[in-house]
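Dear colleague,

I am handing over the structure below, and after it I set out what was found. Please read the notes with the structure open beside them.

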2 protein chains.
Amino acid sequence: MFYLVGLGLGDAQDITVKGLEVVQKAKRVYLEAYTSVLTVGQDALEKYYGRDIILADRDMVEQNSDELIAEAETEDIAFLVVGDPLGATTHTDLILRAVEKGVQYRIIHNASIMNAIGCCGLQLYNYGEAVSIVFWTETWRPDSFYDKIAANRERGLHTLCLLDIKMKEQSLENLMRGRKIYEPPRFMTVQQAAEQLLEIVEKKNKQSKENNALSPDSVCVGLARVGGEDQSIVAATLRQLATVDMGGPLHSLIIPGNMHPLEMDMLRLFALDDTVKASLTS
Amino acid sequence: MFYLVGLGLGDAQDITVKGLEVVQKAKRVYLEAYTSVLTVGQDALEKYYGRDIILADRDMVEQNSDELIAEAETEDIAFLVVGDPLGATTHTDLILRAVEKGVQYRIIHNASIMNAIGCCGLQLYNYGEAVSIVFWTETWRPDSFYDKIAANRERGLHTLCLLDIKMKEQSLENLMRGRKIYEPPRFMTVQQAAEQLLEIVEKKNKQSKENNALSPDSVCVGLARVGGEDQSIVAATLRQLATVDMGGPLHSLIIPGNMHPLEMDMLRLFALDDTVKASLTS
């Protein structure tokens, strides 16, 4: 059996009891290590589970997925994923390969950023399409996510912005020379996301006075380490968020649409200052 | 401390290890019993946790929330919620009351229908706004959710339809006479939701030939008991879903928007018949 086990968002103990039982009895345990990271490291997981864990990066999974699936034909294999196992398409691909080989699979669900953001008080059913904000480079500065935020806001809906994670980046030189030397992992912060968004907002507002989907004074929500012991939530203007240090990864940004009074009541708990607090009043 | 503990979607063992520890050490354990149900009953939870559980229905929570919060001032109180604790506004309200009284709270997240629907292969970041489909009565047949589905589809986005749950309904007579006699709980099935939606689709399509957001032949996805041992997923036309019996609660319905090839590959695993399978090809 091929088990895809969600680890949730915080630490080793956020695994479900069902998931832990799978990990403890599985022949081999893999940890997916390229779409997200837990606030605790591999060591902490190994110690808590009492099991050795094989770190599975993107290359490993893409190149060895047939082996991995073949193992699961006769043995219980556990493939651990931070959050919920179905958060990324790569894992869908693994399931399809398993089914193709006649290998049974089982998903052990858990919390993921897509539902745990409920912690800030904005209701999940008031969200529109989620967007991704990627690191800009000197030559590549995509801003199409702004239109999705604007379309959501037009319908009164909130937008979750998933922030870029670069896990095994190669420098252009290393890539061209085929050297498998990787840069340190990078995680986009709320501050960086807010800076990029602010730049787009200012450009769009200059182009058209009628475009008022978002202004530098719009109240947005920065979240860091959701589900962890040191989780942090800040409601502040976009301009303010571009200067706020929210600490270690992972970060997310929410652009609220229309807010229900109860949503504002809850968001006020996280207001950066009294001005923000006052603006969150119905 | 006031702990809001998510139970996930399947059975007693879908609680997280962290959640289980809270339940085992808490002074009192409440189970929220009006916005959702687990596939297992209170007895099974009590036996598994080794704790007595106090069933908290809507009246109980609304009338006694001050007591509940006051207890949490000096003791650890666990408030168990099926899925993730922040799925319903009522729980936001409990948090606000806790903060107001200076009582600390802590959320233990878990999977909820909002992210576990990833199991059908449609990617979570391709969903637009979720909608609710309620039981129609002879005189009340709301259909505004259709416009939201249409707006999502126009943008190529999937729609999760949350289906009505009636937990402690009173008949009109009992309500008027103030008798606290309740009807048996009702859970909308995929079949019922598809029937109602089909009726709306046929009406809209008669009104305007240009309205083709959805047709009786559109492939939709019915899901039952997501996360449970006997989970069931069926991809079929809306017309077919109106005749499919998907068994016990809880049910959900998904109206796909534009599908990525990998999403279609995955959805084909759940196709009702070869015609549906053939239509899920890029």
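Helices are DSSP runs of H or I with at least four residues, numbered from the N terminus, and their axes are lines fitted to C-alpha atoms over the stretch in contact, with angles running from 0 to 180 degrees between N-to-C directions. This is a predicted model, in which local features need pLDDT of at least 70 and side-chain atom pairs count only at pLDDT 80 or more, while totals for chains, interfaces and linings use all residues. Residues are numbered from 1 along each chain as its sequence is written, and chains are lettered from A in the order in which they are written.

In chain A, the axes of helix 6 (residues 145-154) and helix 8 (residues 190-207) come within 11 Å and cross at roughly 75°. The two helices of chain A are therefore roughly perpendicular, a term that covers angles of 65 to 115 degrees. Helix 6 of chain A brings Phe145(A), Tyr146(A), Asp147(A) and Ile149(A) to the contact, and helix 8 of chain A brings Leu197(A), Ile200(A), Val201(A) and Lys204(A), where contact means heavy atoms within 4.5 Å.

As for the two chains, a rotation of 180° with 0.0 Å of shift along its axis superposes chain B on chain A, with an RMSD of 0.0 Å, by least squares on the C-alpha atoms of residues with pLDDT of at least 70 in both. This is the relation of a two-fold axis. The same surface serves both copies, since 100% of the contact residues of chain B recur in chain A.

With kind regards

Terms used
Heavy atoms only, no water. Parallel < 35°, antiparallel > 145°, perpendicular 65-115°, else oblique.
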